[in-house]
Structures are given as C-alpha cells and as structure tokens.
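Have a look at the structure, then follow each solution step by step.

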Amino acid sequence: MITREEAFELLKKYNKDEFHIQHALTVEGTMRYFAEKLGYDKEFWGMVGLLHDIDFELYPDEHCKKAPELLKEGGVEDDMIHSIVSHGYGICVDVKPEHIMEKMLFATDELTGLIGACALMRPSKSVQDMELKSVKKKFKQSNFAAGCSRDVIKQGAEMLGWELDELIQETILAMRTCCD
C-alpha cells in the first residue's frame, strides 16, 4: 500500500485548487474518525477519503472514470481504487458501494460539503460550535449549497442503515476532529 505522504503528493499532482485539497483533507479526517469509531483500519479509510476526488479538478466530466488510471499510475492498489470509485455510484459510475467503508464515503462526501458550507455561515466559521438543528435547517433549503446532493446524503444514510440525523450528527463530530 502506498504511504499517506505518497497519497498526498499524488492528490496534489492532480489538484491545485485549495478548495479541492481542503475537501480531500476533510473527507480523509472524517473517514479516519469513522474507521476508529467502528473498529476498522483508519489508515486505509483515511487514504480512500484523501484520494476520493483525485480526478475531479482536471477531469470533472470523467469523475470516477479517470480515477482508476491516475491511481494505478500512482501505485494505488485495486481494492482502494474500487472503494474510491464507488463513491460515484449512480451519479457517474455503476460501481456500487458494498463495504461499510464505501457506504460511509458515499454518505459523507456530499455531507461534509454541506456541513462545511453551514460552518461558513456561522460567526465562528467553524464546525466546533455547529449544531444538528443548524445543518437540518440548511439541509431543507435546496438552494443552499445546491451542489451538495441531499438525495445522495439520504441514500447514503439508508445504505448504512442509519437515521439521517445520526449521520449528520456523527459527521459533525468527525469534522470537529479535523477541520481547524
């Protein structure tokens, strides 16, 4: 398996925009949180989160389709590539999330974006004082952070067998561990 440092360099090879790099770091931290909470390998889960949008900045029309090529060239193993690609299920690829880690990535990728946008609206600009009710209120406003698919977030919660409120609350807690 590639190292975390190699994964980060690979990410930066294809992503220059600070927003995309920050999103990758946020999803990495979120995935590490859930791996630890659920008793899985937080290094593997974290690197999947870090690399999940490797192709999005340069190849937005080929998102999750170009990723395997870029990841293989970077020395990423097939199981990690499958997990990364599965977060685009039903949106840009037909690779279904099967493992709990893949379902978690599917569920939290969009949700971290929504929670991050909610945080920017707060005086503190932070998730540290974010509350579930604040996110739920914005979740209902389809024009707020319109690029964050509520349907994908709901589908992800269903895949996990979690209530939406539980997923949102736990993702807020996850983001608190990595977003400052």
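**Exercise 1.** Find which residues of H2 meet which residues of H6.

*Solution.* Start with H2: His23, Thr26, Val27, Thr30, Met31, Phe34 and Leu38 make the contact, where contact means heavy atoms within 4.5 Å. On the H6 side, their partners are Ile100, Met101, Met104, Leu105, Thr108, Asp109 and Thr112. Sorted by class, these contact residues are eight nonpolar, five polar and one charged. (Ala, Val, Leu, Ile, Met, Phe, Trp, Tyr, Cys and Pro count as nonpolar, Asp, Glu, Lys and Arg as charged, and the others, Gly among them, as polar.) The model is predicted, so local features need pLDDT of at least 70 and side-chain atom pairs pLDDT 80 or more, while totals for chains, interfaces and linings use all residues. Residues are numbered from 1 along each chain as its sequence is written, and side-chain values use heavy atoms, without hydrogens and water.

**Exercise 2.** Describe how the axes of H2 and H6 cross.

*Solution.* First, the axes (lines fitted to C-alpha atoms over the stretch in contact, with angles from 0 to 180 degrees between N-to-C directions) come within 10 Å and cross at roughly 135°. Next, H2 and H6 are therefore oblique to each other: under 35 degrees is roughly parallel, over 145 roughly antiparallel, 65 to 115 roughly perpendicular, and the rest oblique.

**Exercise 3.** Which helix gives the most to the lining of the largest pocket?

*Solution.* H2 (18–38) and H6 (100–120) each supply at least two lining residues. H6 gives the most, with nine residues.

Notes. Helix = DSSP H or I, 4+ residues; strand = E, 2+ residues; numbered from the N terminus.
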